[in-house]
Amino acid sequence: MRTVLVLGGGYGGLALIQELLDNHLPHDVEIVLIDRMPYQGIKTEYYALAAGTVTDYHLRIQFPVHPRLTVRYGEVGSIDLGSRVVFLKTGEPLSYDILAIALGCTDNYHHIPGAEQHTCSIQSFSGTRETYRRLNDVKPYGTVNIVGGGLSGVEIAAELRESRPDLNIAILDRGERVLSSFPAKLSQYVEEWFSEHHVETLGQISVSHVEKDAIFNGTQAIPGDVTVWTAGIQPVQVVQELELPKDRGGRIVVGQYYNVADYPEVYVIGDCASLPFAPSAQAAGAQGEQVAQIIQALWRDETPKLHKIKLKGTLGSLGKNAGFGLMGRRSVIGRVPRLLKSGVLWMSKRHFG
């Protein structure tokens, strides 16, 4: 048997597996998926779990069941590309013929002292559960500071405002405005929503270090009961340790077929790969499908034909009744993007679940 070993059952890994299973898997091929969890977590909604507005159970998608798919639960410890072996943290070796690295990302603390020790995360399911516990244990009139005014920071601030009207909530960002990568008009709408809902937005904050009950902007202390970190991501530790060419963000440089130059049997999907667009669930899913098509073409001894990945845009929510989005170059604000986001979530649950 030939083994396709897939590391990570997130958007990219699952899209790859689903596409392979749906299209006549050769009789001598088996797929092995390794994941820490017995289900996929819907990562785009972790902000709502952290704020306490949805339950853990609602954000689970069961892995597919198929006679030629084996799911192994465990954490990847290291990858030996030369020997084609992946070692789990327990030391157990798993060999492969084709490897897909789809392990996603973790927080980037930018070497800021105290950031990792004294802040909460929404990058993993278990980390988000812990964040939920800490946020919901804050006493009334307590203060929550969110570092990073990108999509995750904005969504968690808005959701927490709906969940806990009693808290003081602030977003701290190094830029002049929240959502600095979006058009100014869209940012302004979000800033106005925050101002109406008494969420403070502080720009030009350069975090120098973090302590248990304060963030420091140089020598200025900004006190808070809990700090949530949404100020950047990087590939997971296992990928950081691989000695392969990487871009400035630490993502692995891949060829036109998303594989590694010196190890053509190794494909990199999603947040671990250096791609021409920002990391997102949508990009990882689209790329996972294409990697499956590439592998299938090679099994048939054909040259893979790829179409350019077209992303459908970005949607963000401001609580349960308002939202914002970017569809191509068009900004959309208000209730419609929020409804669209709920629809996309429902579709993805049906597609995978």
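Predicted model: local features only at pLDDT ≥ 70, side-chain atom pairs only at ≥ 80, totals over all residues.
**Exercise 1. Describe the hairpin formed by strand 15 and strand 16.**

Step 1. Strand 15 (residues 214-217) and strand 16 (residues 220-223) run antiparallel and are joined by four bridges.

Step 2. Within this pairing, Phe216 stands opposite Ala221, which belongs to strand 16.

Step 3. Two residues lie between the strands of the hairpin, and Gly218, in the turn, has a positive phi of about 65°.

**Exercise 2. Work out the strand order of the sheet that contains strands 21, 22 and 23, and state which helices pack on this sheet.**

Step 1. The sheet is open, its three strands follow the order 21-22-23, and their pairing is antiparallel.

Step 2. Strand 21 (314-318) and strand 23 (330-334) are the edge strands, because each of them pairs on one side only.

Step 3. On average, and with direction ignored, neighbouring strands of this sheet are turned by 10° against each other.

Step 4. Strand 22 (residues 322-327) is linked to strand 23 by five bridges in the antiparallel sense, and Met327 has Arg330, in strand 23, as its bridge partner.

Step 5. Helix 5 (residues 151-163) packs on the sheet through contacts with strand 21 and strand 22, and the direction of helix 5 makes about 25° with that of strand 21.

Step 6. Helix 6 (residues 184-196) also packs on the sheet, where helix 6 touches strand 21, strand 22 and strand 23, and its direction makes about 170° with that of strand 22.

**Exercise 3. Locate Leu311 and describe its surroundings.**

Step 1. Leu311 belongs to the loop between helix 8 (281-299) and strand 21.

Step 2. With a relative accessible area of 34%, Leu311 is partly exposed.

Step 3. When residues up to four places away in sequence are not counted, Leu311 touches Phe277, Gln282 and Ala283.

Step 4. Although Leu311 and Met327 are 16 residues apart along the chain, their C-alpha atoms are separated by 9.1 Å.

**Exercise 4. Characterise the span that the UniProt record annotates as residues 3-285.**

Step 1. The unreviewed UniProt entry gives these residues the annotation "domain: FAD/NAD(P)-binding".

Step 2. In the model, residues 3-285 are 24% helix and 30% strand, and the end C-alpha atoms of the span lie 21 Å apart.

Terms used
Residues numbered from 1 in each chain as written. Heavy atoms only, no water. Axes fitted to C-alpha atoms, helices over the stretch in contact; angles between N-to-C directions. Contact = heavy atoms within 4.5 Å. UniProt positions renumbered as here; feature names shortened; annotations may be inferred. Buried < 20%, exposed > 50% of the residue type's maximum accessible area, 1.4 Å probe, protein only.
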